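Subject: Structure handover

Hello,

Here is the structure we talked about. Please open it and keep it beside you while you read my notes below.

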Amino acid sequence: MKTLTVNLGARSYPIHIGQGLLRNTDLITQHISGRQVMVVTNETIAPLYLDSIMVLLDGFDRACAILPDGEQYKTLETLDSVFTGLLEHRFNRHCTLVALGGGVIGDITGFAAACYQRGVAFLQIPTTLLAQVDSSVGGKTGVNHPLGKNMIGAFHQPGCVVIDTDTLDTLDQRQLAAGLAEVIKYGLIHDAGFLTWLEQNIERLIARDKPSLAYAIERSCTIKAEIVADDERESGRRALLNLGHTFGHAIETGTGYGNWLHGEAIAAGMLMAADLSARHQWLARSDVDRIENLLRCAGLPVSPPDEMDESQFMELMAIDKKVVDGGLRLVLLKEIGGAVITGDFSAALLSQTLSRTARAP
Ligand SMILES: NC(=O)c1ccc[n+]([C@@H]2O[C@H](COP(=O)([O-])OP(=O)(O)OC[C@H]3O[C@@H](n4cnc5c(N)ncnc54)[C@H](O)[C@@H]3O)[C@@H](O)[C@H]2O)c1
Ligand SMILES: [Zn+2]
C-alpha cells in the first residue's frame, strides 16, 4: 500500500492506494470519530461492495443510503433524500458519511456532509478510475442544477481517501478509458516524464495491469494533491486542472448529458486545446500528434462530434464557469507538461480550431 498526503494544515488527510484495502478494517475506522456512520452508495455499487464495507463497520451505529445510479440523479432532490435518512436515524453532528462509488456519489456525499448540521466528517472510497484519480481528492463537492452542472456546492475536504484498485475489476472498459483521460491530463499540464511513461504503458493500463494502474493513480493523486495544497479554492493554479474542460463541457451539454462520458468529452477537448496552442505556435504540431496518438491508444475520441459547429461551441463555452467578467479564459499548453490559463488568445485562431479549419502544413 502507498500513502500520500494532501497537505492542508489542520485539514490534511491521507490517500491510501493499494489492492484489497476494502478488507482492511483499521484503515477506514481510524478516521471515524463518533459512533454513527452512514454509507452512501448507489444501486449498481451496493451489490458489489456494500457488504464488505458494512462488515468493516461492525460495532458502529451503521446506516446506508442507496441512491439511484446516474448523473441525472446528482440533484438537490437526491441530496434531500440523504438528509431524510440521516434525520430518520437521528444522526448527530458527530456522525461520519462514507462515499462508496464514483464521482457522482462522491460529490453528493461530500456536499451532504458539508451541509448536514453545518458540516460533518466524511470519507471517500472511490470505485471508478475517474474518482480515484480526480474527484475524490481536493474537496470539491456539489450537485447539478437544471440550469448548470455542478452549480450548487461547497468545498469540504474528506478525512481520508481509500483507493482499493481491486474495485476497478468490475468497471466497464468505457468507464476505465474515461478515467484515463484525466490521467493523461496530469501528464499534459504538469509532468512530461509521466506523459512519456503513459505512452510506454498505455497497453498495460487498458489491459488493467494492477501495478501499472496503481502507479498511474499514485502519480495522478500526487500531482492533484500538490496543486490542491497550493491553491485549495481555485484562485489560480488549480484552474489548470481544467485543461480541455471548457471545450469538453460544451460537448457534454451539446450532445445531451450522458451520451458522451465526461472523460471522453475531455479527451476531445484536450486535443482541441492542444490544436489551438499549436495554432499559436506555443506547441509543436508533432506534440499535438503525440497527444492524439496516446488518446487513440487509450480508446478515447480524438475529435468533437460532427454535429457540433462553431457557433454552438461559442454559445456553450460562454456559460462555462471559467468565464471571468465576460471574457473567455482557456487552459492552453505552452509545452507538454506546462499549461497556462489565459484570456490572451486569438479569436481568429479559436474560430479555426472550432470550425476544424485544415491545419497549416
Ligand atoms: N469533485 C471533483 O473535483 C470532480 C472532479 C471530476 C469529476 N467530478 C464529477 O464526477 C462525476 C463523474 O464521475 P464518474 O466518472 O466516476 O461517474 P459515475 O459516478 O457516474 O460512475 C460511472 C458508472 O460506473 C458505475 N460504477 C462505479 N464504480 C463501479 C465499479 N467499481 N464497478 C462497476 N461499476 C461501477 C457507477 O454506478 C456509474 O454507473 C461527475 O458528476 C463529475 O462532475 C467531480
Ligand atoms: Zn474532469
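In sequence, the donor residues of the zinc ion (ligand 2) follow the spacing E-x62-H-x16-H. Those donors are E182 (OE), H245 (NE2) and H262 (NE2). They lie 2.0 to 2.1 Å from the zinc ion. Keep in mind that this is a predicted model.

E182 is in helix α6 (residues 173-190), and H262 is in helix α10 (residues 262-279), so the pair ties together parts that are 80 residues apart in sequence.

H262 is partly exposed, at 21%. Buried means under 20%, so H262 does not count as buried.

What does E182 touch? Leaving aside neighbours within four places in sequence, E182 is in contact with L130, V133, D134, H245, H262 and I266. Two of the zinc donors, H245 and H262, are in that list.

Now to ligand 1. It is surrounded by 25 residues, and the closest are D69, E71, T127, T128 and T170. By class, this shell has six nonpolar, 11 polar and eight charged residues.

- E71: a polar side-chain atom lies 2.6 Å from an oxygen atom of ligand 1.
- D107: a side-chain N or O atom is 3.0 Å from a nitrogen atom of ligand 1.
- T167: a polar backbone atom is 2.9 Å from a nitrogen atom of ligand 1.

The protein covers 87% of the 870 Å² of accessible area that ligand 1 has on its own. The elements giving two or more residues to the shell are α2 (46-56), α4 (103-115), α5 (129-135) and β8 (148-155).

Best wishes

Key:
Residues are numbered from 1 along each chain as its sequence is written. Chains are lettered from A and ligands numbered from 1 in the order in which they are written. This is a predicted model: local features need pLDDT of at least 70, side-chain atom pairs count only at pLDDT 80 or more; totals for chains, interfaces and linings use all residues. Side-chain values use heavy atoms; hydrogens and water are left out. Donors are N, O and S atoms within 2.8 Å of the metal (3.2 Å for Na, K and Ca); water is not among the atoms, so sites may look incomplete. Helices (H or I, at least four residues) and strands (E, at least two) are DSSP runs, numbered from the N terminus. Buried means under 20% relative accessible area, exposed over 50%, partly exposed in between (1.4 Å probe, protein chains only). Contact means heavy atoms within 4.5 Å. A residue is near a molecule or strand if one of its heavy atoms lies within 4 Å of it. A polar contact is a pair of N or O atoms within 3.5 Å; within protein, one must be able to donate a hydrogen and the other to accept it, and residues adjacent in sequence count only if both atoms are side-chain atoms. Accessible areas come from the Shrake-Rupley method with a 1.4 Å probe; for residues, only the protein chains shown count as cover. Ala, Val, Leu, Ile, Met, Phe, Trp, Tyr, Cys and Pro count as nonpolar, Asp, Glu, Lys and Arg as charged, and the others, Gly among them, as polar.
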